[in-house]
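Please open the model in your viewer and keep the sequence panel beside it. The stops below say what to select next and what is to be found there.

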Amino acid sequence: MTAAHFGLMLGLLFLVGDSLPEAIQCEENVKPVTARQGDTVYLPCYFRPEGQLDKLLVSWQKAHQDYPLIVHAERRGGEMQGQQDGSFKGRTALPPNWDQTGNATLQLSRLRNTDSGNYTCYVRAEQRSTVCASLHLTVNSGAYARLSAWITVLLLPLMKILT
């Protein structure tokens, strides 16, 4: 099975079970996140499981042309690295004890321009998936960010002179 097919299958699994009772309460986040190339960014995702949930799974996915890319997938007890898209390998992590605290914030390090896009955090429990975060990440190149900082530094005194 190719990574594309697996990603599509995992995405479909998260859509199954819509008629089941709500097992997860989310603090949904839809705010955009902006960061610089090379930096580490934290994409927030918070949930509160109702009761004791044994089969808990978090999946961060990035929208892609034909199918979602698996950025990070982790069940209670360990990361599922075989399902992760190769471009994210070694660059993602969830906080320790995420399954107990409800903090499934994704740490994405060594940002690349290609990391820009729409990200979704799915939390699956008791055969029910819930979108707990959906946000847009914009990665600016380091050179552009440094240039804009210099422009601000140089223009600020000029603006004071003109006013």
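A disulfide is taken here as a pair of cysteine sulfur atoms within 2.5 Å. This is a predicted model, in which local features need pLDDT of at least 70 and side-chain atom pairs count only at pLDDT 80 or more, while totals for chains, interfaces and linings use all residues. Residues are numbered from 1 along each chain as its sequence is written, and side-chain values use heavy atoms, with hydrogens and water left out.

**First stop: the disulfides**

Begin by selecting Cys26 and Cys132, which form a disulfide with their sulfur atoms 1.8 Å apart. This pair links distant parts of the chain, since Cys26 sits in strand β1 (residues 24-27) and Cys132 in strand β11 (residues 128-140), 106 residues apart. Helices (H or I, at least four residues) and strands (E, at least two) are DSSP runs, numbered from the N terminus. Is Cys132 buried or exposed? Cys132 counts as buried because its relative accessibility is 0%, whereas Cys26, at 26%, counts as partly exposed; buried means under 20% relative accessible area, exposed over 50% and partly exposed in between, with a 1.4 Å probe and protein chains only.

Next select Cys45 and Cys121, which are joined by a disulfide with an S to S distance of 2.1 Å. The link of Cys45 and Cys121 is left-handed, with -70 degrees about the S-S bond. Cys45 lies in the loop between β3 and β4 (46-49) and Cys121 in strand β10 (residues 117-125), so the pair ties together parts that are 76 residues apart in sequence. Cys45 is buried, with a relative accessible area of 0%, and Cys121 is buried with a value of 0%. The structure holds two disulfides, and when the bonded cysteines are numbered in sequence order, the pairing is 1-4, 2-3.

**Second stop: a hairpin**

Now select strands β5 (residues 57-62) and β6, which run antiparallel and are joined by six bridges; two strands pair if DSSP finds at least two bridges between them. β5 and β6 form a hairpin with six residues between them. Strand β6 (residues 69-75) is mostly covered, with six of its seven residues buried.

Move on to Asp99, which lies in helix α2 (residues 98-101). Asp99 is buried, because its relative accessible area is 13%. What does the side chain of Asp99 make a polar contact with? The partner is the side chain of Arg76, at 2.9 Å; a polar contact is a pair of N or O atoms within 3.5 Å, where within protein one must be able to donate a hydrogen and the other to accept it, and residues adjacent in sequence count only if both atoms are side-chain atoms. Leaving aside residues up to four places away in sequence, Asp99 touches Phe47, Leu56 and Arg76, a contact being heavy atoms within 4.5 Å.

Select β3, β9 and β8, an open sheet of three strands in the order β3-β9-β8 with antiparallel pairing. Its edge strands are β3 (41-43) and β8 (92-93), each of which pairs on one side only. β8 and strand β9 (residues 106-108) pair over two bridges, and the bridge partner of Thr92 in β9 is Leu108.

**Last stop: the chain as a whole**

Finally, display the whole chain, which has three helices and 11 strands. Buried residues make up 39% of its 163 residues.
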